[in-house]
Amino acid sequence: MSMLKCVVRHLLVAGALLAAAVSVCHASVVSPRSLLEVADIASPTLSPDGRSVAFRVERASVARDTYDTVWYVQGLGDPWPRRVADGGLPLRDSAGQSIAPKVAWSPDNRWIYYLALIDGKTDVWRAAADGSGAEPLAHDAADVRDFALGEGGRVLRYSVGATREEVRSAERAEYDQGIHIDASVPIGQGLFRSGYVGGRMATQRFGKVWFDHVSLLADVPDRWTAIDLATGARRALAGSDVPSVPSLAPGKAGVEGDAWMSVRDPHGGREAWLTRVGDGKGQMYRPDVLLSALPAGHARRAIQCKSELCTGKAITGIQWRPGHDEVLFTVTDPREGLAQSILRWNVEAGVVRAVVKTGGLVNGGRDSESSCGVSAEALVCVTADAERPPRLERIDLESGKRHTLFDPNAALASDMAKVPVRLLRWMDKRGQWFTGQFYSAQRSGAGPAPLFITYYSCPGFVRGGVGDEWPLASLAQAGISALCINRRPGYTMDAVARYGEGLAAVESVIDMLSRKGEIDRARVGMGGLSFGGEVTMWTVTHSNMLATASVANPVMSPFYYLINSMKGDAFLKGLREMWGLGSPSKTPQRWKALSPALRLDRIRAPILFQHSEQEYMYALDYEIPLVREHRADLYVFPNEPHQKFQPRHKLAVYERNVDWFRFWLQGYEDLDPAKAAQYARWRLMRSNLHEGTQAAGGG
């Protein structure tokens with residue numbers, strides 16, 4: 001990357017220095033690091049008077065191998081936000097994804113309350129909206145799990161489980177006595193303090209959902225405490241005093257379908273629902289979504305939205321408009337590459353009107369199902385699309401007029417404007433349609449470019465596909481066109497058909513792009529994580545379309561079965577339902593159809609495996625033979641869950657993937673001496689694969 005020419009304006013905003021938010025920079029490329037260090041905005045929440053919005057900004061720091069989070073408050077008429085508090089380390093789910101922070105305003109608009117992990121403790125913090133200070137409130141020996149304000153903002157109620165010392169003591173006791181292996185122990189990773197929970201290395205157990213991980217003593221029931229915010233007095237809450245929002249089952253209100261999502265009007269007691277309807281045969285979920293709501297808090301029969309604007313649509317979010325008889329709903333359109341629109345439905349009048357339509361995400365953050373902040377007059381949303389990183393916008397609910405409030409990624413947006421990106425739509429041979437975001441290569445020659453494909457889900461600002469491991473813009477600027485394919489809506493239960501849909505998407509788009517002369521079909525690579533990794537391995541073993549691949553997770557194999565069978569019935573039931581698998585001895589043909597471990601002879605493309613330590617052992621029965629035969633390279637990243645999140649690990653993954661695909665698709669080698677051993681291995685792989693191809697042809 002050439003020298004950056006960068007001028008950074010430092011703006012003094014109400015006594016707080018807002019730096020780098022309005023950088024004016026010009027770079028020759030969109031580097032992997034710039035994609036990693038994008039500022040993400042989360043949880044925009046409007047004050048009760050509708051005049052200000054609170055939100056959190058999260059940004060990775062490679063230099064310090066951590067994440068910076070900051071809480072801001074901005075008046076809707078102000079040009080810049082005010083920094084009000086440090087947000088601490090992001091709380092994460094067990095897959096490694098950052099959890100959108102919970103935040104609540106005081107009724108008098110003076111304070112924001114939020115959960116924050118600071119100095120190894122998760123507490124409820126209160127920050128003054130004017131930026132004059134912030135403080136923790138619970139000071140509990142246990143990490144806070146949840147909180148709520150009550151009695152007009154005069155009382156804080158919060159819940160905790162086991163204390164931090166109780167958890168550490170349980171971990172030490174296991175270490176001293178030996179860890180008993182049972183269905184709860186995640187075999188295949190370190191057994192003692194091997195994964196991050198609550199910001200520290202913790203001993204983990206399986207939770208209740210598939211491969212969800214939790215800390216020791218996570219099953220200790222909630223204990224609720226109430227704090228009088230004026231006096232500081234505390235009291236333990238009995239079960240009857242625990243804050244809760246009772247929800248009416250949609251069926252009791254005459255709503256058909258399977259319950260999916262509900263939201264209660266906080267002021268009027270009305271309820272709105274999304275239910276799944278239609279014929280779901282062969283699918284995990286029924287295919288269509290029904291929007292319904294109670295017209296008034298005392299009503300017992302729901303009204304269904306019947307406008308053509310809300311029927312047959314992929315509705316993914318709902319919220320009530322304060323002070324109105326309107327439900328705001330979000331449509332995430334699969335035919336438009338998961339682009340989102342927000343509409344408003346007047347429940348009493350039955351009228352639906354569009355508020356805003358975008359080419360990307362318009363919601364409360366990176367999660368496509370998160371909600372915008374809402375007042376009677378406006379939405380405050382995080383917007384992002386394929387060529388534009390996240391920014392914060394105010395959207396008028398009557399006119400739909402949009403106004404940018406805060407753009408912390410302006411410099412990157414300027415660089416991304418130099419990368420040609422467009423939405424592709426195409427059909428396979430069976431007439432099934434697909435969409436994907438296509439980043440055209442910057443070409444140095446006249447011939448068609450090589451192509452990289454990743455598969456699964458591509459909403460908003462696509463950095464590196466699901467898991468963020470393949471920097472699409474960086475690949476395009478290096479001369480490799482990059483395509484992120486959205487899977488078809490729904491989840492097909494038959495695994496062969498499910499993977500076949502992915503294979504058909506890949507095959508048909510390669511045909512289309514090669515016919516147009518945009519890509520060289522002899523130089524196509526593919527990569528993926530989770531379901532995307534499964535489809536990548538399926539494409540490697542069931543076609544000859546790929547010249548190379550990169551996979552970030554294990555897929556089905558006998559070793560995967562052996563290790564995880566200790567989980568017992570929950571795991572075995574999932575295998576039967578989602579893959580049609582019993583044990584390898586009871587369903588051998590199904591295993592042969594699905595597992596690359598039993599089809600090693602079909603793998604002809606070199607594969608780069610970059611796994612998390614939590615999962616890599618599941619794949620060793622097929623990866624070790626490939627590595628020993630110089631057909632694959634394997635890296636494992638310590639203390640990482642399903643999705644890697646440590647900044648230096650993520651940057652290493654990004655950069656190695658760029659090196660890998662440039663080597664195999666362009667014949668390019670970086671002259672950095674630190675990479676000499678990497679290229680020596682890859683050259684040996686290339687020689688070995690070339691000899692194997694010649695031998696196969698000669699036979």
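1. Buried is used here for a residue with under 20% relative accessible area, exposed for one over 50%, and partly exposed for one in between, with a 1.4 Å probe and protein chains only. By that rule C458 is buried, at 1% relative accessibility. The model is a predicted one, in which local features need pLDDT of at least 70 and side-chain atom pairs count only at pLDDT 80 or more, while totals for chains, interfaces and linings use all residues. Residues are numbered from 1 along each chain as its sequence is written, and side-chain values use heavy atoms, with hydrogens and water left out.

2. A disulfide is taken as a pair of cysteine sulfur atoms within 2.5 Å, and by this rule the count comes to three. C458 belongs to one of them, in which its partner is C484 and the sulfur atoms are 2.1 Å apart. The torsion about the S-S bond of C458 and C484 is about -90°, so this disulfide is left-handed. Because C458 lies in the loop between β36 (449-456) and α4 (472-477) and C484 in strand β37 (residues 481-486), the pair ties together parts that are 26 residues apart in sequence. Helices (H or I, at least four residues) and strands (E, at least two) are DSSP runs, numbered from the N terminus.

3. The disulfide of C305 and C310 has its sulfur atoms 2.0 Å apart, and since the torsion about its S-S bond is about -100°, it is left-handed. C305 is buried at 1% relative accessibility, and C310 is buried with a relative accessible area of 1%.

4. In the disulfide that joins C372 to C381, the S to S distance is 2.1 Å. Here the torsion about the S-S bond is about 110°, so the disulfide of C372 and C381 is right-handed. C372 is buried with a relative accessible area of 6%, and C381 is buried at 0%.

5. The pairing around β19 deserves a look, with the criterion that two strands pair if DSSP finds at least two bridges between them. Strand β14 (residues 155-163) runs antiparallel to strand β19 (residues 223-228), and six bridges join them; β19 is also antiparallel to strand β20 (residues 234-236), to which it is joined by three bridges.

6. The side chain of K650 does reach the backbone oxygen of D468, at 3.5 Å. Apart from neighbours within four places in sequence, K650 is in contact (heavy atoms within 4.5 Å) with residues including L36, Y67, G467 and F645.

7. T541 lies in helix α6 (residues 531-542) and counts as buried, at 3% relative accessibility. Its side chain reaches the backbone oxygen of M537 at 2.9 Å, and a polar contact of 2.9 Å joins the side chains of T541 and H542. A polar contact is a pair of N or O atoms within 3.5 Å, where within protein one must be able to donate a hydrogen and the other to accept it, and where residues adjacent in sequence count only if both atoms are side-chain atoms. Leaving aside neighbours within four places in sequence, T541 is in contact with P596, R599, R602 and I603.

8. Two backbone torsions remain to be noted. Most residues other than glycine have a negative phi. L217, in the loop between β18 (213-215) and β19, has a phi near 65°, a positive value in a residue other than glycine, and is partly exposed with a relative accessible area of 31%. H630, in the loop between α10 (620-628) and β41 (632-637), has a positive phi of about 55° although it is not a glycine, and counts as partly exposed at 33% relative accessibility.
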